Amino acid sequence: MQYETVVPGRFLARPNRFIARVEAEGGVQTVHVKNTGRCRELLVPGAAVYLEKSGNPRRKTAYDLIAVQKGDLLINMDAQAPNRVFAEWLIPRLPQGAVLRREYAYGDSRLDFCVEGPRGRFLIEVKGVTLEEGGAARFPDAPTERGVKHLRELRKAAEAGLGAALFFVVQMEGMRSVTPNDETHPAFGAALREAAAAGVRVCAYDCAVTPGSLAIRNEVPVLL
């Protein structure tokens, strides 16, 4: 996936979850943060960031914060990007006759995708990963009751005989593994292991990241 007009900047502050102050294009800009997670290890004063400039003059903020440099690692932190890049990656790989449906209602949840084909339904929930610790990726970076609920629905689907998968899109390159962040949200780790034991496929892929693009790259081991 490609972004339109991308400009570099320097992160200054984040007054709330939705906006940040960034020095860019000759001044201090108020920008929209496309990630409501904590991102405390990423958005530190002075960090190099990248902004997508909006072409909509009616917007309250003219920029979206989409990526940040953490040492030698460029991390895409756009929370909308994982679903977009996953769909781009999956569609050419669908079996003949299969249809990809988005925002698929199942049980008490709305899951990201459902592949409907000759072999039946395959439900997929996508999670973007931006937290890195010592060369390993971890999820989540903040408690996610919604994530736990999705895992329970995937487990029920697998137990009912449907295909089900949790797909981690690691929004950076070169991670050696992905693990549940039990210290931050033990319930998510427990639900993930229960889902995997019930037959839910758990997989992860890293991404090639540039300031203006994101593309799924290689599979990364998931350590439960």
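Predicted model: local features only at pLDDT ≥ 70, side-chain atom pairs only at ≥ 80, totals over all residues.

Student: OK, so in which sense does H2 pass H3, left-handed or right-handed?

Tutor: H2 passes H3 in a left-handed crossing. The contact (heavy atoms within 4.5 Å) involves Gly147, Val148, Leu151 and Arg155 on the H2 side, and Ala187, Phe188, Ala191, Leu192, Glu194 and Ala195 on the H3 side.

Student: And at what angle do the axes of H2 and H3 cross?

Tutor: Roughly 15°, with the axes of H2 (residues 145-159) and H3 (residues 186-197) coming within 9 Å. Axes here are lines fitted to C-alpha atoms, for helices over the stretch in contact, and angles run from 0 to 180 degrees between N-to-C directions. Helices (H or I, at least four residues) and strands (E, at least two) are DSSP runs, numbered from the N terminus.

Student: What about H1, how many of its residues are buried?

Tutor: Seven of the ten residues in H1 (residues 81-90) are buried, so to say mostly covered; buried means under 20% relative accessible area, exposed over 50%, partly exposed in between (1.4 Å probe, protein chains only). Among the buried ones are Phe86, Trp89 and Leu90.

Student: Switching to sheets: what is the strand order in the open sheet of six?

Tutor: The order is S7-S8-S9-S12-S14-S15, with mixed pairing. Two strands pair if DSSP finds at least two bridges between them. At the edges are S7 (99-106) and S15 (213-220), each pairing on one side only.

Student: How many bridges link S8 and S9?

Tutor: Five, in the antiparallel sense, between S8 (residues 109-117) and S9 (residues 120-129). Glycine 117 stands opposite glycine 120 in S9.

Student: And which strands make up the open sheet of three?

Tutor: S10, S11 and S13, in that order, again an open sheet with mixed pairing. S10 (131-133) and S13 (178-180) each have a single partner strand, so one side of each is left without a neighbour in the sheet.

Student: How do S11 and S13 run, parallel or antiparallel?

Tutor: Parallel, and three bridges join S11 (residues 136-139) to S13. Arginine 138 stands opposite threonine 179 in S13.

Terms used: Residues numbered from 1 in each chain as written. Heavy atoms only, no water. Left-handed = near helix turned anticlockwise from the far one by under 90°.
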